[in-house]
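Colleague: I am new to this structure and would like to learn how to read a few of its features. Could we go through them one at a time?

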Amino acid sequence: MQIKIATLNEIDEIECLYQELFTEMAHLQPKYIKPAKQDVTFIQNTIDNKDSDILIADIDSRTVGFLLIQETTTPPYSCIVEHKYAFIVDIIVGSQYQNKGIGSTLLSEAKKWAKNRQLDYLELNVLTENMGAITLYEKQGFQDMTHTMRLELT
């Protein structure tokens, strides 16, 4: 397996993996998420932006997973300590390649990406129902820092 930074040549494979990701998310939270295609312009802009990258996992010249990471800063509120950090927007490993260490390897590369940019920490969001991902993130050292809560009005 090889981890590399995506180029515009990998857009089709990234787009296919996004469909798999969105389908899985829709399965976990069908009331709020629906299967969809990712906007190709979003993928292109991410690849072209100097503050973001898509790290792809390649096996035999085939993209089997990716991690989208971007550099960001904390909001400018007087009560928040200012930090520059890396936010993991999306991570997906194709279903037939899961539980083979690919997600862990992508997260390790994300840590290197953030350290090379001298960022303070990594952050991500995960659906409460995605216990496999939560277990992976906890094994990698991620800790729960906030909770998003929702009250249904209907």
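Colleague: Does Cys79 count as buried or exposed, and at what relative accessibility?

Modeller: Buried means under 20% relative accessible area, exposed over 50%, and partly exposed in between, with a 1.4 Å probe and protein chains only. Cys79 therefore counts as exposed, at 70% relative accessibility, and Cys16 is exposed too, with a relative accessible area of 51%. This is a predicted model, in which local features need pLDDT of at least 70 and side-chain atom pairs count only at pLDDT 80 or more, while totals for chains, interfaces and linings use all residues. Residues are numbered from 1 along each chain as its sequence is written, and side-chain values use heavy atoms, leaving out hydrogens and water.

Colleague: How many disulfides does a search of the whole structure find?

Modeller: A disulfide is a pair of cysteine sulfur atoms within 2.5 Å, and the search of the whole structure finds 0 of them.

Colleague: Where is Thr74 found, and is Thr74 buried or exposed?

Modeller: Strands (E, at least two residues) and helices (H or I, at least four) are DSSP runs, numbered from the N terminus. Thr74 lies in the loop between strand E3 (62-73) and strand E4 (84-93), and with a relative accessible area of 12% Thr74 is buried.

Colleague: Which residues is Thr74 in contact with, leaving aside its neighbours within four places in sequence?

Modeller: Contact means heavy atoms within 4.5 Å. With those neighbours within four places set aside, Thr74 touches Ile80, Val81, Glu82, His83, Tyr85 and Tyr121.
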